[in-house]
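Please work through the exercises below with the sequence and the model open side by side, and try each task before reading its solution.

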Amino acid sequence: MERMIDIAPDIRLWVEESGDRTAPPLLLIMGANASGLAWPEPFVETLGRHHRVIRYDHRDTGRSTEIFGKRPYAITDLAEDAVAVLDALEVDRAHVVGMSMGGMLTQLLLLDHPDRVLTATFIGTTPLGGIPFEAPGFPPEFLALWEEMGAARDREAEIDWRVRHWELLHNDPGDGTGIPFDPEEFRRLEERIIAHTGRHRAPVAHAAAGTDGLDRGPELAAVTVPALVIDSPNDPLAGSACAHALAGAPGNARLVTIPGMGHALPGAVLPRLAELILSHTSPPAERGR
């Protein structure tokens with residue numbers, strides 16, 4: 001079921017609910033400049049056998065309102081959008097799964113709205129500022145590609161750019177330690193997202209959003225909500241160093257590695273990823289079965 005929700009007089013967000021409506025809610029929060037449709041359909045369907053799955057388009061992505069050009073905002077505002085989605089759907093508490101920037105927003109939820117989060121799962125996530133770890137830095141090929149992020153392109157050129165971006169995020173070194181990249185898988189994904197959005201122009205607002213209020217990592221030590229951190233060792237942006245640092249921050253977190261995984265959700269990782277999340281979100285008495 002799809003709907004538009006009003007979170008401010010001039011901001012509407014696209015929201016989709018699927019799965020078992022009688023089961024515990026699970027909120028999926030995607031990364032920067034990414035539509036909720038970036039969560040792969042088979043993954044959403046698997047989670048939906050055990051949860052009321054909620055995903056949404058951030059403002060300035062997908063079918064949600066484009067507002068940044070008129071009224072700039074901060075990353076912290078996007079965390080409050082997640083709360084607004086739960087409020088609109090009358091969800092008191094939900095399991096929350098965050099990917100990349102979505103994981104940063106999930107950390108903010110744990111700090112500011114812990115009563116709304118049943119469990120937290122982090123995928124490809126950098127910890128909030130103030131937690132010491134050795135950041136790898138952005139690879140030069142990313143910096144070169146990001147220089148072209150907002151450039152005007154026709155539809156096919158835009159899809160080609162996005163697929164190349166996914167290939168870099170996937171980060172298969174070709175030495176047997178990664179997961180082979182299937183460009184057609186991600187081409188189909190981006191074609192679906194463009195059809196859903198109704199335009200092919202690349203969303204870029206989140207790259208310019210304010211970053212004030214993100215240096216709160218040490219506060220995570222007081223968090224008791226059960227947290228699962230996925231270590232994606234081939235992730236070029238938020239690899240093992242980030243995952244280990246994040247797993248050591250909250251008071252109740254565990255770390256699990258998915259070998260060969262990069263900063264993407266290819267079909268090859270989805271069964272294991274869903275298995276880990278469903279084990280994490282199951283009632284305590286059932287975990288480990």
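The exercises that follow treat the sheet, one of its strands, a helix pair, a loop residue and the nonpolar cores.

The model is a predicted one, in which local features need pLDDT of at least 70 and side-chain atom pairs count only at pLDDT 80 or more, whereas totals for chains, interfaces and linings use all residues. Residues are numbered from 1 along each chain as its sequence is written, and side-chain values use heavy atoms, with hydrogens and water left out.

**Exercise 1. Strand S4**

Task: Decide whether the residues of strand S4 (residues 52-56) are buried or exposed, and identify the strands that pair with S4.

Solution: Apply the cut-offs first: buried means under 20% relative accessible area and exposed over 50%, with partly exposed in between (1.4 Å probe, protein chains only). By this criterion five of the five residues of S4 are buried. In a regular strand the side chains alternate between the two faces of the sheet. Accordingly, look at each side in turn: Arg52, Ile54 and Tyr56 are buried on one, and Val53 and Arg55 on the other. Strand S2 (residues 11-19) pairs with S4 in the antiparallel sense over five bridges, and Gly19 has Arg52 as its bridge partner. S3 pairs with S4 in the parallel sense over four bridges, where Leu27 stands opposite Ile54.

**Exercise 2. A helix pair**

Task: Describe how helix H1 (residues 41-48) packs with helix H9 (residues 270-281).

Solution: The two helices pack at an angle of about 30°, with their axes 10 Å apart; axes are lines fitted to C-alpha atoms, for helices over the stretch in contact, and angles run from 0 to 180 degrees between N-to-C directions. H1 is therefore roughly parallel to H9, a label given to angles under 35 degrees, while those over 145 are roughly antiparallel, 65 to 115 roughly perpendicular and the rest oblique. Finally, list the contact (heavy atoms within 4.5 Å): H1 contributes Pro42, Phe43, Thr46 and Leu47, and H9 contributes Leu270, Leu273, Ala274, Ile277 and Leu278.

**Exercise 3. A loop residue**

Task: Where does Ala238 lie, and which residues does Ala238 touch?

Solution: Ala238 is in the loop between S7 and helix H8 (240-247), and counts as buried at 3% relative accessibility. Leaving out residues up to four places away in sequence, Ala238 touches Gly124, Thr125, Thr126, Ser232 and His263.

**Exercise 4. The cores**

Task: Which residues have the most contacts inside the largest nonpolar core?

Solution: A nonpolar core is a set of buried Ala, Val, Leu, Ile, Met, Phe, Trp, Tyr and Cys residues joined through side-chain atoms within 4.5 Å. The largest has 48 residues, and Leu27, Ile29, Tyr56, Val85 and Leu105 have the most contacts inside it. A second, separate core of 45 residues includes Leu37, Met99, Trp166 and Phe181.

Conventions:
Two strands pair if DSSP finds at least two bridges between them.
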